[in-house]
Amino acid sequence: MVRRTKEEAQETRRQILEAAEQAFYERGVARTTLADIANLAGVTRGAIYWHFSNKADLVQAMLDSLHEPLEEMARASESADEVDPLGWTRKLLVHLFQQVAMDPKTRRINEILFHKFEFTDEMCDMRRQRQFVWLDANERIALALSNAARQGQLPADLNPQRGAICLHAYIHGLLGQWLLVPDSFPLYQDAERLVDTVLDMLRFSPALRDPAASSCVERVR
């Protein structure tokens with residue numbers, strides 16, 4: 001009986017997340033209320049509060065579901081023992097672009113994040129959370145780039161922090177553009193070329209070089 005109750009709770013949580021995704025996609029985050037989500041999910045508002053503290057908590061849970069499939073590849077690129085960190089970074093980015101292009105759920109959640117998310121007063125905590133996530137991603141990318149430089153896959157004098165900012169901005173801008181105008185370029189078919197373009201920038205751009213950066217490779221770890 002206990003196990004069945006836990007399974008039912010998980011099923012209710014899944015229903016709430018699916019209803020939230022649908023409502024956010026159709027109406028935007030700011031215009032969607034917890035009552036709207038409860039009606040779509042066929043549950044009470046109390047059921048929502050059992051699983052989520054507020055709307056921001058619900059949004060974060062929805063976004064977290066995007067990161068789980070990529071986490072293993074990210075950890076590989078960040079490992080000091082990995083001999084091919086740049087290869088794992090490339091694999092992660094290609095997978096990300098192709099998944100956004102081909103998986104309806106991933107695409108919808110990204111559309112919500114990029115184009116249907118407003119930082120209203122009730123979402124101030126979410127804004128702070130997104131800021132933390134962005135800065136943390138920059139640090140993790142810089143670590144992966146430092147590993148690649150140490151392995152000779154990127155220039156030893158690459159500035160990893162500057163490279164991370166540029167790489168992160170490239171990914172964000174490219175996805176935002178494609179999600180707004182999907183017919184502007186074939187994201188799935190061009191995924192590898194698009195990734196190789198930004199990796200070439202890291203390899204060859206003089207503006208990303210820093211004589212002091214080679215001594216920072218170990219310090220970033």
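**Entry 1: a pair across the chain**

I began with Asp-196 and Arg-90, whose side chains form a salt bridge with N and O 2.7 Å apart. I am working with a predicted model here. Next I looked up where the two partners sit: Asp-196 is in helix 9 (residues 187-204) and Arg-90 is in helix 5 (residues 85-102). They are 106 residues apart, so this pair links distant parts of the chain. I also checked accessibility. Asp-196 is partly exposed at 27%, and Arg-90 is partly exposed too, at 26%.

A reminder to myself: side chains of opposite charge can pair when their charged atoms come close.

Then I turned to Glu-71, which makes a salt bridge with Arg-140; their closest N and O atoms are 2.7 Å apart. Which parts does this pair tie together? Glu-71 belongs to helix 4 (residues 55-78) and Arg-140 to helix 7 (residues 124-150), so the bridge ties together parts 69 residues apart in sequence. Glu-71 has a relative accessible area of 22%, which makes it partly exposed. Arg-140, at 24%, is partly exposed as well.

I followed the shared partners and found a network: salt bridges join Glu-71, Arg-75, Glu-78 and Arg-140.

**Entry 2: a pair within one helix**

Glu-18 and Arg-14 gave me a salt bridge with an N to O distance of 2.6 Å. How far apart are these two in helix 1? They are four residues apart in helix 1 (residues 2-27), which means about one helical turn separates them. Glu-18 is partly exposed at 39% relative accessibility, and Arg-14 is partly exposed at 36%.

My tally for the model is 13 salt bridges.

**Entry 3: the nonpolar cores**

Now for the inside. I noted that in soluble globular proteins, nonpolar side chains tend to be buried together. The largest nonpolar core here has 35 residues. Phe-97, Leu-145, Leu-154, Leu-167, Leu-175 and Leu-187 touch the most other members. At least two residues of this core come from each of helix 4, helix 5, helix 7, helix 8 (160-180) and helix 9. Which helix gives the most? Helix 5 does, with eight residues.

Setting aside neighbours within four places in sequence, I found it in contact with Leu-154, Leu-158, Pro-160, Gly-163, Ala-164, Leu-167 and Leu-202.

Last, I found a second, separate core of 27 residues; Leu-17, Ala-23, Met-62 and Met-123 are among them.

Methods: Residues numbered from 1 in each chain as written. Predicted model: local features only at pLDDT ≥ 70, side-chain atom pairs only at ≥ 80, totals over all residues. Heavy atoms only, no water. Salt bridge = Lys/Arg side-chain N within 4 Å of Asp/Glu carboxyl O. Buried < 20%, exposed > 50% of the residue type's maximum accessible area, 1.4 Å probe, protein only. Core = buried A, V, L, I, M, F, W, Y, C linked by side-chain atoms within 4.5 Å. Contact = heavy atoms within 4.5 Å.
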